[in-house]
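Here's a quick briefing to read alongside the sequence and the model. Have a look at the structure first, then come back for the details.

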Amino acid sequence: MEPVNTPSVDFTQLNLDVVFGRAGGRIIWQPRILAWLTDKQFAGEPVPAPYTNMTPPQLYRALGCSNRIYDFNACFVSHEDPRVRLTRTELNATDYELVWETPVGRQRAVYRRSPNTPAELPVKWPVSDEEELKVATWRELHRTWSWDQAAYERLSREWAGLGAPTMYICRTTLQKLIIEDMGMTATVMAMRRFPAACEAYFEALAVTQERLIAVINASPIQIVNFGDNIHAMFLSPRWFRQYILPVYQRRCELLHAAGKFVHAHWDGHCKPLLPMARETGLDGIEAITPLPQGDVTLEEVKAALGDMFLLDGIPAVYFDHTYSEQELLDCTRKCIDLFAPRLVLGISDEISSHGDIDRIRAVGRVVDEYNAGCG
């Protein structure tokens, strides 16, 4: 194993230079690897040497790569209307209940902790019927946002030199209903049974998210993501065009006016939606997953994106021993050939807890070799 060294590259500056076209053709290697670390910590599995007991920033420094630092979301503080009263009740060893009391009614959710994952699973979603959706709409219309400078300074120190500060906006319309509020089946039924209430909720989301964008535009954060987890098996092209595309276009208009770089997270199957990519107004798309893990080839992604940026591009399965290191490196070089310099190379979506972390360094060597030939 190679010795662990602190990288000499200022990845914060390189990150900004790449996305804003100032890098002289260079790209950046920016894999998301924290699931590998946190999954092991959650399961009580040992982290192999020399990475044992490293903090996340130390791990990135040891591997000589950049992080996409979404920790900076902590700088944007959401404020409920002061009339909202939230209570939390532990129901048993695994389940807890949240109840939001508002002047217009109440919402109730129950979440279950699992011994197998840090994620908490909804037993009862926050929105189950039209009345709860109306309460959720009222809460969004009365939500405000503020900037936390102390959090920004703390995170800037922790992640110094490892990547540009980055944040993601709350999910868009249907994506929020499906993933956060109701689940897939209930969302489909809600769109049929009480469409006017759904439309009112989407309009309320636009209001609160434009308040958030005003805070983003006044902040030093220059890279903004739409954290939507787009998946074409849940979102038809018709629904995408009707409910997602106009919101993307409006958000991009506002963010571009302040000089922000804007991309969205599409980490599911996306082949039916890619023909609309260039209509979104986005500068790039993150986490599109090629075959053999996703549903598109890299060539199909390039044809759809044109001059847009690709963020990521290497299927996460190539970091498992199911596939050879040579297959990983061949994919790395193909990504570079097709997308550089409009490329923030990464893993689509994250390395698994079973992945070979040292393959991160192998990809880094390919990127270093490519960058050395630029300029």
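What follows goes from the overall fold to a handful of individual residues.

Keep in mind that this is a predicted model. The protein has twelve helices and 15 strands, and 51% of its 375 residues count as buried.

**Overall shape and surface**

- The radius of gyration is 21 Å, which agrees with the value near 21 Å that a compact globule of 375 residues would have.
- Looking at contacts with a separation of 6 or more, 73% are between residues 24 or more positions apart.

- S348 belongs to strand β15, which covers residues 347-348.
- S348 counts as buried because its relative accessibility is 0%, under the 20% cut-off.
- A polar atom of the S348 side chain lies 2.8 Å from the backbone oxygen of I288.
- Setting aside residues up to four places away in sequence, S348 touches A287, I288, T289, P290 and Q293, along with D312, G313, I314, P315 and A316.
- D312, one of those contacts of S348, sits in the loop between β12 (309-311) and β13 (314-315).
- D312 is not a glycine, yet its phi is positive, at about 95 degrees.
- D312 is also buried, since its relative accessibility is 0%.

**E132 in helix α4**

- E132 is part of helix α4, residues 130-141.
- Is this glutamate, E132, buried or exposed? E132 has 8% relative accessibility, so it counts as buried.
- Not counting residues up to four places away in sequence, E132 touches R106, Q107 and R108, plus K124, W125, P126 and V127.

**R88 in strand β3**

- R88 lies in strand β3, which runs over residues 85-90.
- With 48% relative accessibility, R88 counts as partly exposed.
- The R88 side chain makes a polar contact with the side chain of E90, at 3.0 Å.
- Beyond its neighbours within four places in sequence, R88 is in contact with Y96, E97, L98 and R113.
- R88 and V99 are eleven residues apart in sequence, and their C-alpha atoms are 6.6 Å apart in space.

**Backbone details worth a look**

- A49 and P50 are joined by a cis peptide bond, with omega about 5 degrees; P50 is in the loop between α2 (34-43) and α3 (56-63).
- A cis peptide bond also links A340 and P341, with omega about 5 degrees.
- P341 is found in the loop between α11 (325-339) and β14 (343-345).
- T173 has a positive phi, near 35 degrees, and is a residue other than glycine.
- T173 is in helix α6 (residues 173-181), and it is buried because its relative accessible area is 5%.

How values were computed:
Residues are numbered from 1 along each chain as its sequence is written. This is a predicted model: local features need pLDDT of at least 70, side-chain atom pairs count only at pLDDT 80 or more; totals for chains, interfaces and linings use all residues. Side-chain values use heavy atoms; hydrogens and water are left out. Helices (H or I, at least four residues) and strands (E, at least two) are DSSP runs, numbered from the N terminus. The radius of gyration is taken over C-alpha atoms; the globule rule is 2.2 Å times the number of residues to the power 0.38. Buried means under 20% relative accessible area, exposed over 50%, partly exposed in between (1.4 Å probe, protein chains only). Contact means heavy atoms within 4.5 Å. A polar contact is a pair of N or O atoms within 3.5 Å; within protein, one must be able to donate a hydrogen and the other to accept it, and residues adjacent in sequence count only if both atoms are side-chain atoms.
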